[in-house]
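Hi,

Here is the structure I promised to pass on to you. Have a look at it first, and my notes on what turned up follow just below.

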Amino acid sequence: MRTKQHEINYHTLNAICDLISSAREMEDVAYVVVRQLHETLGLKGCALMLLEHRSKELMVAASHGLSTTYLNKGPLSSLKSISASLQDGPVAIYNVSDDPRLQYPDEAEEEGIKSILSVPMVIRERPLGVLRLYTAEPWEFTMQDLTFVTAIALMVGLALDGLRSTQAYKNSLDFLKHLRQAWKEESAPTVQ
């Protein structure tokens with residue numbers, strides 16, 4: 001049970017949307033979201049992890065409030081580390097000390113983490129990663145909490161997907177410009 005009520009409301013959602021919409025780089029989107037959630041909700045920490053499809057590992061893209069020691073505890077397997085959150089939706093863990101779904105329960109306890117909420121980021125049925133909230137006190141996550149964090153994860157996923165598409169488009173344009181310039185230089189008449 002929460003010792004103090006954390007307010008999850010439209011103001012928080014609006015602040016996060018503003019931050020996401022003004023970000024121009026994927027790293028900026030990830031960092032502003034985890035920082036805002038950490039500060040607004042009074043969390044122990046927050047992390048956004050992206051799925052590396054080949055290795056099936058979750059890679060930390062951004063975090064706030066978590067120690068370097070905890071973040072470097074070892075590779076996070078998407079098949080072992082609260083794996084159901086990628087396939088089945090949000091997973092709430094009330095007590096990290098007795099939940100078998102954690103890959104590194106001892107490290108979570110050493111970090112002072114009591115509860116975790118793991119929410120998938122899925123775009124067009126393709127998992128991109130997870131957004132995780134870590135609390136210092138046991139937190140019984142409500143449906144309102146799940147709905148709110150799920151909406152944030154969806155927005156982050158859409159923003160990351162959009163930025164990735166924009167970057168790919170820019171790279172394609174740069175490549176085409178380079179090809180056009182090379183073609184012009186090749187087809188230019190040589191003066192003898």
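Let me start with the cavity. The largest cavity has a lining of 13 residues, and those lying nearest its centre are Tyr-70, Lys-73, Ser-81, Leu-102 and Arg-132. Two elements, α5 (105–111) and β6 (126–135), each give two or more residues to that lining. Sorted by class, the lining of the largest cavity comes to nine nonpolar residues, two polar ones and two charged ones. The space inside the largest cavity is about 80 Å³, and a search of the whole structure turns up one cavity of 30 Å³ or more.

Please keep in mind as you read that this is a predicted model.

Now for the fold around the cavity. What does the secondary structure of the chain come to? There are six helices and six strands. Starting at the N terminus, you can follow the elements of the chain in the order α-α-β-β-α-β-α-β-α-β-β-α.

A few totals for the chain may also be handy. The chain has 192 residues, and 41% of them count as buried. If you take the contacts between residues at least 6 apart in sequence, 59% of these join residues at least 24 apart. As for the surface, the chain exposes about 11,300 Å², with 53% of that area supplied by carbon and sulfur atoms.

If you open the model yourself, Tyr-70 and Arg-132 are among the residues nearest the centre of the largest cavity.

Best wishes

Definitions and conventions. Residues numbered from 1 in each chain as written. Predicted model: local features only at pLDDT ≥ 70, side-chain atom pairs only at ≥ 80, totals over all residues. Heavy atoms only, no water. Helix = DSSP H or I, 4+ residues; strand = E, 2+ residues; numbered from the N terminus. Buried < 20%, exposed > 50% of the residue type's maximum accessible area, 1.4 Å probe, protein only. Contact = heavy atoms within 4.5 Å. Areas by Shrake-Rupley, 256 points an atom, 1.4 Å probe, with all protein chains shown as cover. 1 Å grid on protein atoms, 1.4 Å probe; cavity = no way out; pocket = protein on both sides within 12 Å on 5 of 7 lines; lining within 4 Å. Points joined across faces, edges and corners; volume = space filled by probe spheres on them. Nonpolar A, V, L, I, M, F, W, Y, C, P; charged D, E, K, R; others polar.
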